[in-house]
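My notes follow in the order I made them.

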Amino acid sequence: MVVTLGHHRRLMVRQRRELGELFGFETRNRYEIVSEGGAQVAFAAEQQKGFLGFLFRQSLGHWRTFDIRFFTPERAPFMTAHHPFRLFFQRLEVFDEAGALVGAIQQRFSILSKRFDVQDASGQVLMEVSSPFWRLWTFPFMARGVEVACVQKKWSGLMAEAFTDKDNFAVDFGDGALGENERRLVLAAALFIDLQYFENKAGGSSSLSLDV
């Protein structure tokens, strides 16, 4: 079975809580992706395993190099998001099931906003995202001045918000104008948003960025 995101107007991305986060440890990021009706569409999991992976997560946080694989409900891989080592201007590169580059999410410098671009495989900007400080949990995807998609963080509950990295996101693909590759990039961007702006709460620190 091949995941076709074009069948969905809206998806929910739910991060799976790990017991270790209650004690201040950063664990492997894992997500389930469901339809509006609650049916499982896909799931995603960080592939950096073992003791070295554990050490890198605790010491390097989101700066480290890692891959997140996306799977169908039948556990067939259909997409990979690769995060290269970066101290500044974080980046997430997205590949399809054949290993071909689909595009990337590239953080940009900004003042009083969270800003990044969505690029195609050739590096051309497809969509721009800027989340101003008065809409901290809303990320509109703009193309030629028109909103074509949106990612919103949803309240996960008091205990989850305070003590773990468990985050939930609504991914709205808009009116259907986006192609399959663009939808894959928007879905990957939802994970980028979580990793860049909402990770590391359990340890009492926040992700480093150049956004003010």
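I started with a charge over a ring. K114 lies over the face of Y197, 5.7 Å from the ring centre. I note that the model is a predicted one.

I then looked for a second case. The charged end of K153 sits over the ring of W137, at 4.1 Å from its centre.

Next I turned to the rings themselves. What cluster do ring pairs form around W137? Ring pairs link W137 with F139, F169, Y197 and F198. Both rings that I had found under a lysine, Y197 and W137, belong to this cluster. I also looked up the count of aromatic pairs, and it comes to 9.

I took the pair of W137 and F198 from that count. The two rings are edge-to-face, with 6.4 Å from centre to centre and 85° between the planes. W137 lies in the loop between β9 (125-132) and β10 (138-143), and F198 lies in helix α3 (residues 180-198), so the pair ties together parts that are 61 residues apart in sequence.

W137 has a relative accessible area of 30% and is partly exposed. F198 counts as buried, at 10% relative accessibility.

I went on to F139 and Y197. Their ring centres are 5.9 Å apart and their planes meet at 20°, so I logged the pair as stacked; the cut-off for stacking is under 30 degrees. F139 is in strand β10 and Y197 in helix α3, so this pair ties together parts 58 residues apart in sequence.

Are these two partners buried or exposed? F139 is buried, at 0% relative accessibility. Y197 is buried too, at 12%.

A nonpolar patch of about 1100 Å² is made by F85, L87, F88, F89, F109, I111, L112, F133, W134, L136 and W137.

I111 is found in the loop between β7 (101-107) and β8 (113-120). I111 counts as exposed because its relative accessibility is 51%, and the cut-off is over 50%.

Where does Q15 lie? Q15 is in strand β1 (residues 10-15). Q15 is buried, with a relative accessible area of 3%. Its side chain makes a polar contact with the side chain of N29, at 3.0 Å.

Definitions and conventions:
Residues are numbered from 1 along each chain as its sequence is written. This is a predicted model: local features need pLDDT of at least 70, side-chain atom pairs count only at pLDDT 80 or more; totals for chains, interfaces and linings use all residues. Side-chain values use heavy atoms; hydrogens and water are left out. Patches are made of residues with over 30% relative accessible area and no salt bridge: like charges are joined within 9 Å, nonpolar side chains (Val, Leu, Ile, Met, Phe, Trp, Tyr) within 5 Å. Accessible areas come from the Shrake-Rupley method with a 1.4 Å probe; for residues, only the protein chains shown count as cover. A salt bridge is a side-chain nitrogen of Lys or Arg within 4 Å of a carboxyl oxygen of Asp or Glu. Helices (H or I, at least four residues) and strands (E, at least two) are DSSP runs, numbered from the N terminus. Buried means under 20% relative accessible area, exposed over 50%, partly exposed in between (1.4 Å probe, protein chains only). A polar contact is a pair of N or O atoms within 3.5 Å; within protein, one must be able to donate a hydrogen and the other to accept it, and residues adjacent in sequence count only if both atoms are side-chain atoms. Rings of Phe, Tyr and Trp (its six-membered ring) pair if their centres lie within 6.5 Å; planes under 30 degrees apart count as stacked, over 60 as edge-to-face and the rest as tilted. A charge sits over a ring if NZ of Lys or CZ of Arg is within 6 Å of the ring centre and within 35 degrees of the ring normal.
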